Amino acid sequence: MTDYPVQMDVKPDVFGFFDDDTNTISYVVKDPESEHCAIIDSVMDLDYAAGRTSYEGADRIIAFVTEKGWTVDWLIETHVHADHLSAAPYIQERVGGKLGIGRNILVVQDLFGQVFSEGTGFRRDGSQFDRLFDDGDTYKIGEMDCFAILTPGHTPACMTHIMGNATFVGDTLFMPDSGSARADFPGGDAGVLYDSIQKVLSLPDDMRLFMCHDYGPDGRDIAWETTVAEQKAYNIHVGGGKTKEQYIKFRTERDATLGMPRLIIPSLQVNMRGGHLPPEDDSGTRFLKVPINVL
């Protein structure tokens with residue numbers, strides 16, 4: 001990682017917000033030298049059966065940063081999530097901040113624009129976001145220097161964000177006893193994911209790693225923070241020196257047994273739009289499409 005500006009002496013304050021319905025952890029990350037922060041991977045609540053959205057989880061985050069009096073500089077999406085809907089536009093309207101995602105959102109928009117048969121009204125240029133990050137791009141939260149690295153494999157647009165001694169891996173890794181993300185979605189690739197994981201594991205051993213999801217395997221308490229050293233030693237999918245060939249074989253066989261995430265259809269349609277719902281039709285109603293025998 002010598003090409004990246006790692007600053008282990010910078011120690012941001014990290015606050016996790018767990019969403020029980022989707023097992024997602026959203027984060028507020030505060031610059032230790034100012035009253036500025038970022039919000040990572042927020043969640044919109046969806047009652048899928050009723051077709052109703054709400055924002056209880058997002059309101060918790062808004063209330064938290066408002067009570068602290070912090071300025072929100074960034075709203076970061078680590079990737080186009082397939083298991084929850086982003087609340088970024090809702091939060092942005094209330095507390096500000098620039099919305100950022102990896103530049104390969106263009107690949108995702110083109111791919112799923114076709115899957116969901118979106119017309120020319122759906123922009124596939126990433127313009128729903130304020131910033132499209134390339135590998136190694138830097139940005140600031142207050143006085144804190146941050147950067148993003150491209151870590152595809154789960155999806156083409158996955159980015160890992162490094163903020164001082166804290167790294168936010170999205171779905172690239174789970175806690176050591178849970179392994180890693182699947183790689184069988186359209187645009188995913190197990191070999192590419194292995195290489196991306198190795199990029200993360202090349203960070204300093206004491207780098208703090210923060211997960212986007214946790215499912216509490218075997219009944220343990222929900223957890224979302226680990227370290228590079230712990231992942232290298234104990235991760236059940238890639239730890240202990242497992243080879244790329246071993247990982248590809250395992251990941252491919254395991255993914256073949258997995259069903260689709262419960263919220264994949266609404267999540268992709270909303271998240272490829274930067275968290276916005278599809279536009280209203282002539283009657284003022286919004287609809288989500290269900291492609292049959294496609295995913």
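**View 1. Arg over a tyrosine ring: R94 and Y90.** In this predicted model, R94 lies over the face of Y90. The distance from R94 to the ring centre of Y90 is 3.6 Å.

**View 2. The aromatic pair Y4 and F147.** A search of the whole structure finds 15 aromatic pairs. In one of them, the ring centres of Y4 and F147 are 5.5 Å apart, and their planes meet at 10°, so the pair counts as stacked. Y4 belongs to the segment before strand 1 (13–19), whereas F147 is in strand 10 (residues 144–150), so the pair ties together parts that are 143 residues apart in sequence. Both Y4 and F147 are buried.

**View 3. The aromatic pair F15 and F64.** The centres of the F15 and F64 rings are 5.0 Å apart, with an angle of 55° between the planes, so this pair is tilted. Strand 1 contributes F15 and helix 1 (residues 56–68) contributes F64, so the pair ties together parts that are 49 residues apart in sequence. F15 is partly exposed, its relative accessible area being 28%. Ring pairs also join F15 and F64 with F17 and W70 into a cluster.

**View 4. Packing of helix 4 and helix 6.** Helix 4 (residues 190–201) packs with helix 6 (residues 244–255) at an angle of about 125°, and their axes are 9 Å apart. Helix 4 is therefore oblique to helix 6. The crossing of the two helices is right-handed. On the helix 4 side, the residues in contact are A190, G191, L193, Y194, D195 and I197. They meet K244, Y247, I248, R251 and T252 of helix 6.

Key:
Residues numbered from 1 in each chain as written. Predicted model: local features only at pLDDT ≥ 70, side-chain atom pairs only at ≥ 80, totals over all residues. Heavy atoms only, no water. Phe/Tyr/Trp six-rings, centres within 6.5 Å; stacked < 30°, edge-to-face > 60°. Helix = DSSP H or I, 4+ residues; strand = E, 2+ residues; numbered from the N terminus. Buried < 20%, exposed > 50% of the residue type's maximum accessible area, 1.4 Å probe, protein only. Lys NZ or Arg CZ within 6 Å of the ring centre and 35° of its normal. Axes fitted to C-alpha atoms, helices over the stretch in contact; angles between N-to-C directions. Parallel < 35°, antiparallel > 145°, perpendicular 65-115°, else oblique. Left-handed = near helix turned anticlockwise from the far one by under 90°. Contact = heavy atoms within 4.5 Å.
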